Amino acid sequence: MADHLARKKVIIVGGGTAGWMAAAALVRHLPHACEVRLVESAEIGIVGVGEATLPHIRNFVEALGLDEADFMRATQATFKLGIDFHDFGRIGTNYLHPFGDFGRRINGVELLHYWRRMQAEGEDSDLFAYSIANIMAAQNRFAPPVTDGDHFLSTYNYAYQFDATLFAPYMRRFAEANGASRTEGRVISVEQNPESGDVTALVMDDGTRIAGDLFVDCSGFAALLIGKTLQSEWEDWSHWLPCDRAVAMPSTSPDGSIEPYTRATAMAAGWRWRIPLQSRVGNGYVYSSAHLSDEDAAEALVRSVEGAAMAEPRQLRFRAGRRKRSWDKNVVAVGLASGFLEPLESTSIYLAQGAIQQLIDLFPIDDIRAADRAEYNRMVDIEYDRIRDFLILHYHATKRDDSDFWNHVRTMTVPDSLQEKLDLFRRSGRIARYSHGLFHEPSWIAVLVGQGIVPQGWDQRADAAPSAAVKQTLASLRSHLGGLVGAMPGHDSALKRCAAAIAA
Amino acid sequence: MTPQPDRAIRSICIVGAGITGLSAALAFARSLPMVQLTLVETPADPANLTDRLPSGLPVMRGFHELIGLSERDLVRAAIATHRLATRFDGWSHSGASWLHAHGDVGQPADGIAFHQLWVAAHARGDAEPFGHYALAAVLAEAGRFTHPSPEPASPLAAIDYGLRLDPIAYHQFLDQRCAMLGIVRVKAGPLGVERRSDGGIASLHCSDGATIAADLFLDCTGPSATLLSAVDQAFDDWSAWLPCDQFMVEDGGSAEPGCRDTIIATVSGWRWLMPLAQHAITATCLASAFADPGETGKTVSVMAGARPHPWVHNVLALGDAALTMAPLLPINLTLVHNAIVRALTLLPGRDCHAVELAEYNRRTALEACRVRDFAALHMLRSGRQSGALWQALASTPPPDSLGHTLDQFAARGRLPFYEEEIFGPHAWAATLLGLGVLPVAIDPAAGRIDAALARQAMARFAQSLRDIAARALPYPEYLGRMTATN
């Protein structure tokens, strides 16, 4: 058994979501391998704006041993079945990208191909009518999926929409209860080993010196360690993803039931999010400063919000891109210090979670092995690059020509990796497959078809059965899924049940 | 009238009526009833390993279901027997035998993979050999068998098995099925290939003057890949890592059916003993550069490697035409099956556009890369100290992806992820540990598991497997019951 003295001193800089998630996971999964100290400056309480997540966060929370109902109460969470995209492909259109599949394969062939065939024969139907998550979202219903893989009720998943400023403290309570230490103060300088360049200690504003073996940089865009100290290179993606500002504002919830999904509405110079929480709505306008002034953006946001504003609009600045090496020397950047992609598909927490998992899998045993560090970067980079491509698709797959912003994204040259996917799908409705990381085939299909990219050809195996039989099968499926959803409770009712589960 | 009159493939010509060609014919006939199929029989090639030693991983059962073959029928006709594990003798650093079993090994604890728990326990002197925690291995060593349970919570759900097939009987069985489906067959001698202006194949010319045209040609001709090599000659040579280039398949005499294969390392290669229903087969593999001239008299040549572009224009190579290797892994049928399913899933338009073929070739190459790596692992880390072949291999640098796996596993027991692996983490761990590649350090996360509790849990678990095995039927009896009643 590793003794206390052999544990690595891990110093986490920054106490937001990324920092406290890292602290929580490290104390839970590597209690014998490290001592965790998190350093943060005192935070000013701000009213939360709202953050949406991906289903993977459920695994993270569960692995910590936390109860879902408790988690949802602490973070004011609602359920999320997907994202409802408005006006991306064309103004006046919308589609919901679900967490889930389109029905299931019929005779080994994806449903998309049957749908496409029937469309070619004049029997058009809505592809999204075959996604149980979409039907649930449209009816504001929610029930958790089942695990029996044979049942249609296993073909969807869910995530949460919560108050981001409540999530970090929730993680902090867990981390501190399980052995993490916290130091409040500002870092005013960073000591490095003169030969290797490794960070050896932080010097605080009160003169304290905090030494460590491994440093996790969760200091956000400031990137105190990986950026300012190590000068680690940044790969810029703003030519593909030009949005570099956001203005955010919470508002009161409208009357009526809370929607179990996030909404993203394309605007003249970016897009607007709407994230419903238990007792307020988070709103924001993500935009390109080259195409829209800050004042106009704030005004557009305020105008578009349904309820009453609960705070002044708050501005954020960022750039799309990532570190070329998220783990450089003995500094591991997690969260915004590592990379940034706009929250179009709610991937921020997912990327932090993934990075933390990789760190646990590749945690140094003695000295940091260069091979382990390289492997960490390889795994983290794959995720960033693929998500980048997926986000670019949302902008590029458009017919909009109503502003310079849309003309730019519609006509830009996209990464080869994305162009190949587009070419393949356009030809035959196939998606390049990989099983590690995001996004999987149904997600690509949702955005491509949702934004008007319809394949020219399709799997000819879907042509084998007579038209009438295929039409009947599809109709039965729509009806069956509708029946399953009809039996589910409303979202509000499901949330109440969750709250009651704690009280019980 | 097809909904895609200008796109759909209308006709497919399958060249080669060995096990690969027949399997493709059955799968394509069922999946594409409107497509005209022609099966061209070409002379059998003794170097075609899929015909000499057809063997597959557990996933092959899914393919049999797809083409309507019942395991029960195959067993009753004395064609198929069940393989739970393969034992490797003389093939490790310590000299001890070890098993590569199908199915699960051990149980994870608190999210930590079992092999990491085992490594930690082993370091403390608390672990039995790795194979003792695999139910399929325990059953196989006891000469007993039972089918896995479909209930995920049942201990019997940890079992999995592949099938070995009597080559001649299996071929006849598939042959009969093709006839039942009414698949058109043509016997042909040497074939002439007429090319299209775009590089594809327009038609085949038979020696009797007949011409066969088709939208798509499946090259199932074996290692010579007669059709594919007419349009693309690229071949990735793996002989640096897999130098065994001669093999011989012989009747091993009558033997009781067994559910365990044995592979024995020899000075110049290895021998594979495969018990079938009514007799055994022995495959002997040699590296000619290291063998006595006398040994290679009756052998057939094989060059280890794969076609980097198995699908070019309207020619798709399957089976040994796509990938060849001296028989060390029970996978040749699985590679055929996977390729057929992949081809059906990605079936391109009639024009076989490069964009569509690229995805097929990409996935196939990823799969081939890890097959090469898994085989090369056995050769480069055999642990054998004597024999010029093995000494030369021990100092041969591995391919990059295998080097990466070796580095990660030796350092910390981690198995890096690769796409399209047909061998899962259990297979990799069992082989690495069996060969004697032991991680020098325990994974830090595994350190949180209480050592005493782990020791107790593992000991109980290993005993529970022995208890289950003791209650299972001896394999010949189990087989007898399967074949006797309905």
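Predicted model: local features only at pLDDT ≥ 70, side-chain atom pairs only at ≥ 80, totals over all residues.
Local features require pLDDT of at least 70 and side-chain atom pairs pLDDT 80 or more, while totals for chains, interfaces and linings use all residues. Residues are numbered from 1 along each chain as its sequence is written, chains are lettered from A in the order in which they are written, and side-chain values use heavy atoms, without hydrogens and water.

Helix α2 of chain A spans residues 56-63. Helices are DSSP runs of H or I with at least four residues, strands are runs of E with at least two, and both are numbered from the N terminus. Four residues of α2(A) are named as buried: A:I57, A:R58, A:F60 and A:V61. Buried means under 20% relative accessible area, exposed over 50%, and partly exposed in between, with a 1.4 Å probe and protein chains only. Seen down the axis, the buried residues of α2(A) fall within an arc of 160°, so they line one face of the helix. The arc is taken from the directions that run from the helix axis to the C-beta atoms. Their packing partners in chain A are α1 (17-29), α3 (68-75), β7 (159-162), α6 (164-177) and α9 (348-361). Contact here means heavy atoms within 4.5 Å. Just after α2(A), A:G65 adopts a positive phi of about 85°.

In chain B, B:H279 sits in the loop between β17 (269-275) and β18 (280-286). B:H279 is buried, at a relative accessible area of 19%. Its side chain makes a polar contact of 2.6 Å with that of B:D251. A polar contact of 3.2 Å joins the side chains of B:H279 and B:D166. Such a contact is a pair of N or O atoms within 3.5 Å; within protein, one must be able to donate a hydrogen and the other to accept it, and residues adjacent in sequence count only if both atoms are side-chain atoms. Leaving aside residues up to four places away in sequence, B:H279 also touches residues including B:G253, B:S254, B:A255 and B:M274.

Chain B also holds an open sheet of 6 strands, in the order β9-β2-β1-β13-β22-β21, with mixed pairing. Its edge strands, β9 (184-187) and β21 (311-312), each pair on one side only. Two strands pair if DSSP finds at least two bridges between them. Strands β1 (11-15) and β2 (36-41) of chain B run parallel over 5 bridges. B:S11 stands opposite B:Q36.

Over all chains, 39 aromatic pairs are found. Rings of Phe, Tyr and Trp (its six-membered ring) pair if their centres lie within 6.5 Å; planes under 30 degrees apart count as stacked, over 60 as edge-to-face and the rest as tilted. A:Y158 and A:Y160 form an edge-to-face pair, at 6.0 Å centre to centre and 85° between the planes. Both are buried, A:Y158 at 3% and A:Y160 at 2% relative accessibility. The ring centres of A:F390 and A:W444 lie 5.0 Å apart with planes at 65°, so this pair is edge-to-face. A:F390 belongs to α10 (370-396) and A:W444 to α13 (441-450) of chain A, so the pair ties together parts 54 residues apart in sequence. A:F390 is buried at 0%, and A:W444 is buried at 2%. One aromatic cluster includes A:F71, A:F142, A:Y158, A:Y160 and A:F167.
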